[in-house]
Amino acid sequence: MAEWQPTMWRKALNSAEKTSEWFPILIQDENVISIVHEQNGQIDGFLVAIPQPAPPVYDPGLTFVIDDFCVAKDDRWPSLGGALLDYAINEARGRHAAQCISISPIAHHAKMEVLKSRGLEPATIWSSLSL
């Protein structure tokens, strides 16, 4: 993602260690929807959806934000990415969520196609300017 917005998605020096510490906390949280897919003993896709309260001026109902959502290779977005997203949406519905919001770079066309194919449409755009 850093190739599209180098400042916004610049990895921290110890991002792998931080991820190794943070993801187990998310996975153990029963309020979080977390899915990991493995193939041949290797993780090749995952999705994390966190319940997120809306600002007090809005009342959309229970909302899950899908921020961490990756597959190992872009050609796996239609199949594996779609399956991960389907699972998360169905799980959110089962928890009586009103909506799912997914964060994705606009320039990540393969991921955007999967989101659109499941009915997710851009609702807002974050614009970034490196200073």
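Tutor: A residue is called buried under 20% relative accessible area, exposed over 50%, and partly exposed in between, with a 1.4 Å probe and protein chains only. This is a predicted model, in which local features need pLDDT of at least 70 and side-chain atom pairs count only at pLDDT 80 or more, while totals for chains, interfaces and linings use all residues. Residues are numbered from 1 along each chain as its sequence is written, and side-chain values use heavy atoms, with hydrogens and water left out.

The fold comes before the pairs. The chain holds 3 helices and 4 strands, where helices (H or I, at least four residues) and strands (E, at least two) are DSSP runs numbered from the N terminus. Read from the N terminus, the order of these elements is α-β-β-β-α-β-α. The C-alpha trace spans about 40 × 35 × 30 Å along its principal axes, and 27% of the 131 residues are buried. Of the contacts (heavy atoms within 4.5 Å) with a separation of 6 or more, 54% are between residues 24 or more positions apart.

Now to the rings. Rings of Phe, Tyr and Trp (for Trp, the six-membered ring) pair if their centres lie within 6.5 Å, and planes under 30 degrees apart count as stacked, over 60 as edge-to-face and the rest as tilted. The chain has 2 aromatic pairs by this rule. One of them joins F23 and F46 in an edge-to-face arrangement, with 5.3 Å from centre to centre and 75 degrees between the planes. Because F23 belongs to helix 1 (residues 15-28) and F46 to strand 2, this pair ties together parts that are 23 residues apart in sequence. F23 is buried, at a relative accessible area of 19%, whereas F46, at 21% relative accessibility, counts as partly exposed. F69 and W77 also form an edge-to-face pair, with centres 5.0 Å apart and planes at 85 degrees. Here F69 is buried at 1% relative accessibility, and W77 is likewise buried, at 2%.

The charged groups come next. A salt bridge is a side-chain nitrogen of Lys or Arg within 4 Å of a carboxyl oxygen of Asp or Glu, and by that rule the count is 3. One of them joins R76 to D44, whose closest N and O atoms are 2.9 Å apart. That pair links distant parts of the chain, since R76 sits in the loop between strand 3 (63-71) and helix 2 (77-94) and D44 in strand 2 (residues 42-51), 32 residues apart. With a relative accessibility of 25%, R76 is partly exposed, while D44 is buried at 10%.

A further bridge is formed by D86 and R118, with 2.6 Å between the closest N and O atoms. It too links distant parts of the chain, with D86 in helix 2 and R118 in the segment after helix 3 (109-117), 32 residues apart. Both partners are partly exposed, D86 at 31% relative accessibility and R118 at 29%. R95 and E91 also form a salt bridge, and their closest N and O atoms are 3.0 Å apart. R95 is partly exposed at 26%, as is E91 at 27%.

S34 lies in strand 1 and is partly exposed, with 26% relative accessibility. Leaving aside residues up to four places away in sequence, S34 touches L26, I27, L47 and V48. The C-alpha atoms of S34 and P53, which are 19 residues apart along the chain, lie 18 Å from each other. V36 is also placed in strand 1 (residues 33-39), and at 43% relative accessibility V36 is partly exposed.
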